[in-house]
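This briefing is meant to be read alongside the sequence and the coordinates.

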Amino acid sequence: MRVLLIYPNIIESPKEISAGLASVGAILKEDGHTVRLIDTTFGGRSDKEIMERVNAFKPEMVCITVATNDFKFGMHLLDIIREQYPHVPTIVGGIHPTVAPEETLMQKNVDMICVGEGDLPIRDVARMLQKGEKRTDIHNIWFKKNGKAIPNPQRQLPNLDDLPIPDRGLFDFQRYIDWHGGTATVISTRGCPYPCTYCVNRKQKEIYKGNGLFVRYKSVDKLLAEIKEMKEKYRLKEVLFNDDTFTLDPRRIKEFCEKYPTIIGTLPFTINGRVNTVTREMLMMLGKAGCTRINMGVECGNPHIRNTILERDMTDQQIIDTFRWAREAGIKTYAFNMIGIPHETRENIQETIELNRKINPDFVGVSIFTAFPGTPLYDLCKKNGWLEEEYSSSYFQDTNVRHPNFTIDELKKIRDSFGFEVYRKTKPLRAYVDLIDKKFTKYHTYMRVRSMLIAAGFKKVLARLDKDNFFDVPA
Ligand code: B12
Ligand code: SF4
């Protein structure tokens, strides 16, 4: 069967493939289908350009992935495809249908949705369509009949080693690597066990309950084989593990650190960690194995907001210690922060700035809080009438929350000077460049030029000129 995959990605930065579609594509190819991808990450988003590519392929099934921010654009693409291909079945997967299934399924041109992990369900759907069957009982897939939803239960979560390696070749993967100045992305786990109230993991854990372990890992051997294959196929200088929390299992980290240098060599890598999952010893091991950067959430400097509203469960001292250990292990640090959290005040934001000054990260990132469906904080905002009707299109540029203590413009101003405030005393040059950079990120043209400069290695040039690292672009 000719299966068309669509990645309706519209964000300017950072640019990354959809590992979900790469996994779904790999499974479909393994099952003998002809698979093609339309990827809008680097452009080609007009109706005309999309339809030219659809017509060149003449799909027999259309599969699209959507997150909340690209939901509108994704649905528009299904509408224009349906006009010309009224009988071709459509299925929507990804995080948005997982957390907002009814809303997604009830869109006019959506025939089926996949709730949760889609590797095995999509195989069943394609097999069913190929045989011309009309089943409505496939686990994880919700069907629509006479305008009504037919939900189905979840299946057992698959063991990650039983799945094929995600098919990066469906994308122009080299272009993504080049865009990141040589960084290739990998996912080695699925799931995160923590209860943070703004994160979709909490909802996913609830959805998958009773169907096996939510947190699963690729075995170290399989993971390293995947990276080795990637290294042979593409020109890369660095690996970025996009796992929510790479540092969950200390024994696995130990095995990984022992084997990585032997099998992969000196290729540097970046990970996402969580303050209370790492120890000094673990960071030392990671540093020796080639880890050059760890990204960790600080989120809020006020302990009550952080631990009661966000349920992060970590003290200021733990955060300060962990960032220091990373530095001692020779690993650069990136601190994630949020502003505009429900119940937050101006004083609380000042506490976040103070905490960041204390930890003095190499990079600092801040986003305006966005409430995502399926999370407790979304429900809280809804209950209090703090939600805008439209979903915001980016964590960094906008928000769907009308905060009682701030206007959106105020939050944007605070966001734009956040890095400046953090680095003002310790790294003044860096602070001013950050300020200028943030002032311009709202301009589409600036972001495009900035993306191009990053891809051209501009960041590396600047980094060489100034060890403070001007730009806090995760790459
Ligand atoms: C890597 C990553 C990115 C990358 C790539 C995004 C992508 N589309 O894959 C980049 C940097 C571009 C990115 C950007 C953003 N991200 Co992001 N990102 C992630 C991260 C860390 C990993 C995603 C991933 O690869 N997972 C592994 C794969 C295997 O899982 P998956 O994509 O969910 O796919 C499975 C199923 O969903 C399903 N599936 C997926 N697609 C399809 C399609 C079909 C047809 C079928 C049948 C099944 C199916 O099957 C797959 C395999 O089982 C997740 C966290 C997470 N836990 O998922 C956040 C996450 C997806 N991101 C999030 C957010 C908020 C964003 C941004 C809005 C932030 C911003 N800067 O504006 C943008 C939105 C961009 C976008 N269009 O997705 C939120 C999404 C919340 C929401 N409700 O939308 C998440 C969940 C983080 C969080 N914990 O809150 N992100
Ligand atoms: S630690 Fe990070 S990924 Fe895990 S639940 Fe909390 S916010 Fe989500």
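The points below are grouped by topic and begin with the domains.

The model is predicted, and its chain is divided into domain 1 (2-150) and domain 2 (172-467). The largest nonpolar core has 110 residues, and because both domains give residues to this core, it lies between them.

**Domains and their contact**

- The C-alpha centres of domain 1 and domain 2 are 28 Å apart, and the contact between the two domains involves 17 residues of domain 1 and 21 residues of domain 2.
- On the side of domain 1 that touches domain 2, helix 4 (residues 95-99) gives the most, with 3 residues.

**The nonpolar core**

- Within the largest nonpolar core, which has 110 residues, those with the most contacts inside it are Leu5, Cys63 and Ile113.
- Domain 1 (2-150) and domain 2 (172-467) both contribute residues to this core, so the core is placed between them.
- If residues up to four places away in sequence are not counted, Ile113 touches Ile91, Val92, Pro97, Pro101, Thr104, Leu105 and Trp142.

**Helix packing**

- Two packed helices are described by the angle between their axes and the distance between the axes.
- Helix 1 (residues 19-30) packs with helix 6 (residues 119-131) at an angle of about 45°, their axes being 9 Å apart, and that angle makes helix 1 oblique to helix 6.
- The crossing of helix 1 and helix 6 is right-handed, and the residues that meet are Ser23, Val24, Ile27 and Leu28 in helix 1 and Asp119, Ile122, Arg123 and Ala126 in helix 6.
- For helix 2 and helix 3 (residues 71-84), the axes come within 11 Å and cross at roughly 50°, and these two helices are therefore oblique to each other.
- Helix 2 and helix 3 also have a right-handed crossing, in which Asp47, Ile50, Met51 and Val54 of helix 2 make the contact with Leu77, Ile80, Ile81 and Gln84 of helix 3.
- Helix 10 (residues 250-263) and helix 11 (residues 280-289) have axes that come within 9 Å and cross at roughly 20°; angles under 35 degrees count as roughly parallel, and helix 10 and helix 11 are therefore roughly parallel to each other.
- The crossing in which helix 10 passes helix 11 is left-handed, and here Pro250, Ile253, Lys254, Cys257, Tyr260 and Pro261 in helix 10 meet Met282, Met285, Leu286, Lys288 and Ala289 in helix 11.

**Residues with positive phi**

- Asn140, which is not a glycine, has a positive phi of about 75°, and its place in the chain is the loop between helix 6 and strand 6 (141-145).
- Asp313 counts as partly exposed, because it has 15 C-beta neighbours inside 10 Å.

- Met314 is found in the loop between helix 12 and helix 13, and with 19 other C-beta atoms within 10 Å Met314 is partly exposed.
- The C-alpha atoms of Met314 and Val298 are separated by 9.2 Å, while the two residues are 16 residues apart along the chain.
- Leaving out residues up to four places away in sequence, Met314 touches Val275, Asn276 and Ile319.
- Arg45 belongs to the loop between strand 2 (34-39) and helix 2 (47-57), and Arg45 is partly exposed, with 16 other C-beta atoms within 10 Å.
- From C-alpha to C-alpha, Arg45 and Phe73 are 9.3 Å apart in space, although 28 residues apart in sequence.
- Asp437 lies in helix 17 (residues 428-440), and Asp437 counts as partly exposed, with 18 C-beta neighbours inside 10 Å.
- Asp437 and Ser417, which are 20 residues apart in sequence, are 10.0 Å apart in space from C-alpha to C-alpha.

Note on methods: Residues numbered from 1 in each chain as written. Chains lettered and ligands numbered in written order. Predicted model: local features only at pLDDT ≥ 70, side-chain atom pairs only at ≥ 80, totals over all residues. Core = buried A, V, L, I, M, F, W, Y, C linked by C-beta atoms within 7 Å. Buried ≥ 20, exposed ≤ 12 C-beta atoms within 10 Å, placed from the backbone. Domains from an automatic or database assignment. Contact = placed C-beta atoms within 7 Å. Axes fitted to C-alpha atoms, helices over the stretch in contact; angles between N-to-C directions. Helix = DSSP H or I, 4+ residues; strand = E, 2+ residues; numbered from the N terminus. Parallel < 35°, antiparallel > 145°, perpendicular 65-115°, else oblique. Left-handed = near helix turned anticlockwise from the far one by under 90°.
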